[in-house]
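Please look at the charged side chains in this structure and at how they pair. The paragraphs below go through them pair by pair.

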Amino acid sequence: MKKKYLLTLIFAAVLLLGTSLSILMPLADCREIGIAPSQNTEYEVQVGYDMKKQAPIIESCTATTVKVTDLLRVSRLTAYNYYPDEYSEITSNAISNEHNGEELGTKGTVRYVITNIEGISPADGNWAEELASYSEYIGDDEKLHLTMYLPPLLSACNVFVNVQHRASMGTLTGFDSVRYATTDQALAYDETVAHSDGMEGVFLDISLNVSSRIWNDNPIQNGCVITIHYEAEDGKQTGFIGTPIIGPDREVRAIVGRNNNFRLITVLLSLITFFIFVLVCVLKRATEFVPQLVFAVSVMVGAYSSMALSGATDMPYVWLGVRSGAVGLFLFGVALTLPKFFAKIPVRYITAALSLVYTALAFSSQVANTANTGAITLAYRIVGSVICIIVLGFSVLEIMRGRRLDLLANNALSVVLSVYAMFFFRESINMLESPMMWLSLMMLGVILVIGFREFIVSERRNRQLTLNLSAEVKLQTKNMQGMIDERERILQFVSHDMKKPLLSAHTYIAALRQREKDEENKKIIDIVEGKVNYLRENLSAVADYARRKYVAENPVNISVDEILGAVYSELAPDAEANGIVMECSAKHTVAFAKPDALKSVLQNLVMNAIEHAECDRIWLDSYRKFDKCIITVADNGKGLGDKDVFRPYCSGNDGEENMGLGLYICKNHIEAMSGALTYEYRDRRLTFIISLPTA
């Protein structure tokens, strides 16, 4: 019981750790990359010329601006001047902050104003000294350079720096960005141009003049103005996927590059984890690890959709929906860890169904019109909260029932991740301080620990199984050797000790033949003597088999034609004595075989032909066929009929009852050499065919 309470406390600690990350990391992100301070700057701008008074028409304006001196470290750029429902002229310096702070509408203009260094003037005489502290940011063109990163903006925009067109993402309805950069604003609209989605983060070179020759005291004209004309799909949400940042080029690019690398690493880790757990599920043939598989897929989907949103895409709302819906996949994985039934209530199936509803609602909240977004968001937050409560309660219950903690640790992390995504999520400037990414990585860590644990346990079991099998093989080998030794003793008894009574019987039969006068009784004695002789021959074959141990003989490379030549030389006289002509036409072939065993088999086959085939010709031959060495022993005798002559105790004479071990032993010898022994009878010709591996 103490162990169960301890595991419950560890589960609570994991929950607390995830919650702490969700609170502290956004604070650290804000502290590391602060908001650039902004101010309202009043200035005068000439908007025309009064011909009657012969004087310029001056208009007082107020713009929200940011000082370049506050941007020498990377900062968030949140202060802008907003023009709803219109595309302001980029050549105009009359910038108004009348709508500053408003939420962005479906279309409009956002203008960032960065003012130049204050408090210096070429007239002071200390121009070089006053610029010395900014020298690392000043290029050879006598301009101070910073870099601004604009994250992707929903869902199409044109970007200008001062009056220069720098980037276009997607297409604005009726808007020709090239023509708009000219002085004739009537040319800016082309009714044939239709809206199309397009998003991509873009780096902008923000340059401010610090040349004493063309210094201007007007804070707007002497500064840098970034103008963004944007348009979202009709009725869809708009805004940046993140927050613009500005600062020294190397630092800004390092943050963006690190974020992209972090996303990519997370995708790759989740992909590797997924395949590892596919392997675990296959090896274990168990479904208890399927939730971990779903967690890995969830992390992969979430990280990949975040990576897609940070790059170039023409379907931003779909990827936003996928990223939001990925949280539902986490909850679906959690649902699979719950008990199937509790008090006859199908808890797992209900929770899994709710998680799928959550996924659909979360996806819809990003692709639906803004008029419906509020109701959909409220609905999926309610569903998600119910799921989280169910998960926490039943996870603790499962731990108290003895369920492994490592299989339930991700439940706590998933609940924290889901709550953060539903109620507190905001885009992180620095992904290294994103709670979503770190919670996802922690889940991957838990999954990998479980996976490697299973591999280690399996390896330990396999090692023990190997040791047990090795011991069993040794025992079986010992037993087999004992059986072989026992067989040899039996063979020796059969072949040696049983021959003695047969020798005595042969002696008595010879004595009986000398004494017997009755011809009928002599025929009976001849039959008995034939039986005794046949037994002696078979016992001799068994004795030869036991003595030579052909099975234990090691195979070597042998010249088959030499073996056949030796057999021919030894047995040709016997054949001639029986009126049989032997022919040997062996070609030079080399086989991997046991020489003594092969010679014994060939002798047996030839002697069978001489004694039993009733033939007048015997042919010996050998040749190579593909990777096999073929040896044939043929005769033109009576054949073998339909009997299985390789079966032990089969006789070629129906009228006799004898042991018939010769061909059975021959077949065993050939098969012990990885060969085959077969026969065929065709055109009154019986052919035994030996097939052996070539060398």
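Is Arg 76 buried or exposed? This is a predicted model, and in it Arg 76 has a relative accessibility of 5%. Because the cut-off for buried is under 20%, Arg 76 counts as buried. The side chain of Arg 76 forms a salt bridge with that of Asp 29, at 3.4 Å from N to O. Arg 76 belongs to strand E3 (residues 75-76) and Asp 29 to helix H1 (residues 2-32), so this pair ties together parts that are 47 residues apart in sequence. Asp 29 is buried as well, with a relative accessible area of 1%.

A search of the whole structure gives 14 salt bridges. Another of them pairs Glu 118 with Lys 67, at 3.5 Å from N to O. This pair, too, links distant parts of the chain, 51 residues apart: Lys 67 is in strand E2 (residues 55-67), while Glu 118 is in the loop between strand E5 (107-115) and helix H2 (127-131). Glu 118 is exposed, with a relative accessible area of 51%, and Lys 67 is partly exposed at 26%.

Asp 249 and Arg 253 meet in a salt bridge of 2.8 Å, N to O. Both residues lie in helix H4 (residues 249-284), 4 residues apart, which is about one turn of the helix. Asp 249 is partly exposed, with a relative accessible area of 35%, and Arg 253 is partly exposed at 40%. Elsewhere, salt bridges with shared partners join Glu 398, Arg 401 and Arg 403 into one network.

Methods: Residues are numbered from 1 along each chain as its sequence is written. This is a predicted model: local features need pLDDT of at least 70, side-chain atom pairs count only at pLDDT 80 or more; totals for chains, interfaces and linings use all residues. Side-chain values use heavy atoms; hydrogens and water are left out. A salt bridge is a side-chain nitrogen of Lys or Arg within 4 Å of a carboxyl oxygen of Asp or Glu. Helices (H or I, at least four residues) and strands (E, at least two) are DSSP runs, numbered from the N terminus. Buried means under 20% relative accessible area, exposed over 50%, partly exposed in between (1.4 Å probe, protein chains only).
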